[in-house]
Amino acid sequence: MNAPIPTPALQALAAARSRLAECAERSTSAHSAQTKLLVRKSESEAAAALAIADHKAGSISEEVAALRRASSLQDAADLSALIQQGAAHLSKVDQEFAQAQAHATGAERDAAREEDLIAVSVLDQQIKTLEANFLSAMSERYRLHIKTNGNRGGQSTFNFYQPTQAMQELIKRNQPPAA
Amino acid sequence: MTKQTNIKRGQQEAETMANEPTLAHKIGQAKLRLNTLLLTGESTTAARAALKSLTDEQKALGAAAAEQAANQHAARQSLAQIEADRIANDAVQLAAARANRISMISQRYAGSI
């Protein structure tokens with residue numbers, strides 16, 4: 001059996017899903033990197049505070065404390081700059097992810113609608129076939145009725161077939177049967 | 001050349017370049033040799049040889065850069081092609097799943113006559 005040929009809507013859906021997965025991965029990675037930077041900045045700030053605390057506790061000299069604090073604050077400042085740069089990147093990545101999500105949602109909807117229309121076409125054809133088969137069976141049944149009963153009991157199909165209430169509602173009032 | 005080979009070759013080249021002295025470094029050394037010869041007043045033959053060596057290194061650098069660019073381009077194209085193939089395959093899978101669902105609808109209401 002040959003592989004089915006994808007419609008443009010399905011091709012668009014596959015591309016949109018792929019793009020969404022790619023953007024989701026990039027977003028996760030960017031958020032993870034940014035979180036690491038934030039953690040490192042907090043650690044640097046904590047180290048700066050610890051230097052002062054250690055000096056107050058008398059475990060290190062003022063010079064050592066000043067050096068450690070300055071070094072830690074410098075690290076924190078460098079990390080702040082990186083975090084700021086990362087925030088702009090993060091915003092761009094998030095925006096791309098949101099766009100990919102919206103695009104994928106649209107593609108899913110388009111593909112679903114296309115499939116519904118195909119199913120409608122298939123069912124319409126099937127209903128016509130079923131009706132033709134039904135009428136054909138009724139015709140044959142009627143022929144046998146006449147053959148077996150002659151004219152006794154009249155020549156109406158009512159003798160051997162009474163449509164259900166649902167069928168009557170459908171034919172007479174165009175009311176759909178309950179699902 | 002297959003896509004995978006292109007990618008592998010690009011990776012190998014990058015590793016090789018990272019581990020070996022660069023051509024730019026070799027050019028630097030050749031220039032240094034030439035300058036030394038000129039400053040120390042060595043024979044013109046030696047200076048000419050050093051100049052030729054420098055020219056050769058520069059040519060090699062140009063060729064290597066061109067090859068690297070070509071390889072990178074091929075690798076990028078291969079990756080893009082792999083991605084396009086994967087999406088096309090996904091689309092075929094989606095079409096197959098849809099055909100199956102439509103077929104089930106059709107079978108559910110199919111008359112036996």
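**Core.** I looked up the largest nonpolar core first: it has 14 residues, and those touching the most other members are A:Leu10, A:Leu13, A:Ala14, A:Ala107, A:Ala111, B:Ala91 and B:Leu94. At least two core residues each come from helix H1 (8-56) and helix H2 (62-149) of chain A and from helix H3 (44-108) of chain B. H1(A) gives the most, six residues. My terms: a nonpolar core is a set of buried Ala, Val, Leu, Ile, Met, Phe, Trp, Tyr and Cys residues joined through C-beta atoms within 7 Å, and buried means 20 or more other C-beta atoms within 10 Å of the residue's own, with C-beta atoms placed from the backbone. Helices are DSSP runs (H or I, at least four residues), numbered from the N terminus.

**Source.** This is a predicted model, where local features need pLDDT of at least 70 and side-chain atom pairs count only at pLDDT 80 or more, while totals for chains, interfaces and linings use all residues. Residues are numbered from 1 along each chain as its sequence is written, with chains lettered from A and ligands numbered from 1 in the order in which they are written.

**B:Ala91.** Leaving out residues up to four places away in sequence, I found B:Ala91 touching A:Pro6, A:Leu10, A:Gln11 and A:Ala14. Contact here means C-beta atoms, placed from the backbone, within 7 Å.

**Chain A against chain B.** I then checked the contact, which takes 20 residues from chain A and 16 residues from chain B. On the chain A side, H1 and H2 are the elements that give two or more residues, and H2(A) gives the most, with nine residues.

Conventions. Buried ≥ 20, exposed ≤ 12 C-beta atoms within 10 Å, placed from the backbone. Contact = placed C-beta atoms within 7 Å.
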